[in-house]
Amino acid sequence: TFPAQRTLTRRARLSHYRGGMSRIAVVPGSFDPVTLGHLDVIERAAKTFDEVHVLVVHNPGKTALLPIAQRVSLIEQAVADARLVGNIRVTSWSMGLLVDYCTEVGASVIVKGIRSQVDVAYETPMAIVNRDLAAVETIFMLPNPAHAHVSSSLVRQVAALGGDVAPYVPRAVSDFLQAPRE
């Protein structure tokens, strides 16, 4: 390495080697609700990429518990409460393909958390099509083993039956789900 490069941070060196281009990643999901497993993936993506867009998307194959705006708000609260470091933006996308959003913001990578071979089988065809459509790569991140068994649908079911969801979700989500409803 050159002497001047030794004083640069790892992120700055990577940016230097890429010609100064910022590496933007998108972490998409329905996040209905966001779980501690989701936060783990968001945190690790933020440590890996210069900018991370946490993108709440509508999944037509699922019936949502929370409106999209509420999910965005809960993720923003969870990211702030966890004091995640990095350039993290939380937003939503309801029209068009995920790769359209990636192209719009200049993202070259989609980051997906996977818990099992079932997730790999589900995500692989989408990853291939996203690469074919827009040259956007997909990176799969394995979960922290403490959260590998947790899914949003499991959290919804436990909450609906009056169970304690606090071990599985950020405090903002737990408080919201367990608050009395009118």
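1. In this predicted model, the largest nonpolar core comprises 32 residues. Those with the most contacts inside this core are V27, V54, I75, I88 and V111. At least two core residues come from each of β1 (24–29), α3 (36–48), β2 (51–57), α4 (68–81), β3 (87–93), β4 (109–113) and α8 (171–178).

2. V54 deserves a look of its own. With neighbours within four places in sequence set aside, V54 is in contact with V27, F31, I42, I75, I88, R89, V90 and T91.

3. On secondary structure, the protein has 8 helices and 5 strands. Along the sequence these follow the pattern α-α-β-α-β-α-β-α-β-α-β-α-α. Among contacts with a separation of 6 or more, 75% are between residues 24 or more positions apart.

4. On burial and surface, 38% of the 182 residues count as buried. The accessible surface of the protein is about 10,500 Å², and carbon and sulfur atoms account for 57% of that area.

5. S151 sits in the loop between β5 (137–141) and α7 (152–160). Is S151 buried or exposed? S151 counts as buried because its relative accessible area is 15%, under the 20% cut-off. Leaving out residues up to four places away in sequence, S151 touches T35 and R115. The side chain of S151 also makes a polar contact of 3.1 Å with the side chain of S153.

Conventions. Residues numbered from 1 in each chain as written. Predicted model: local features only at pLDDT ≥ 70, side-chain atom pairs only at ≥ 80, totals over all residues. Heavy atoms only, no water. Core = buried A, V, L, I, M, F, W, Y, C linked by side-chain atoms within 4.5 Å. Buried < 20%, exposed > 50% of the residue type's maximum accessible area, 1.4 Å probe, protein only. Helix = DSSP H or I, 4+ residues; strand = E, 2+ residues; numbered from the N terminus. Contact = heavy atoms within 4.5 Å. Areas by Shrake-Rupley, 256 points an atom, 1.4 Å probe, with all protein chains shown as cover. Polar contact = N/O pair within 3.5 Å; in protein donor to acceptor, adjacent residues only side chain to side chain.
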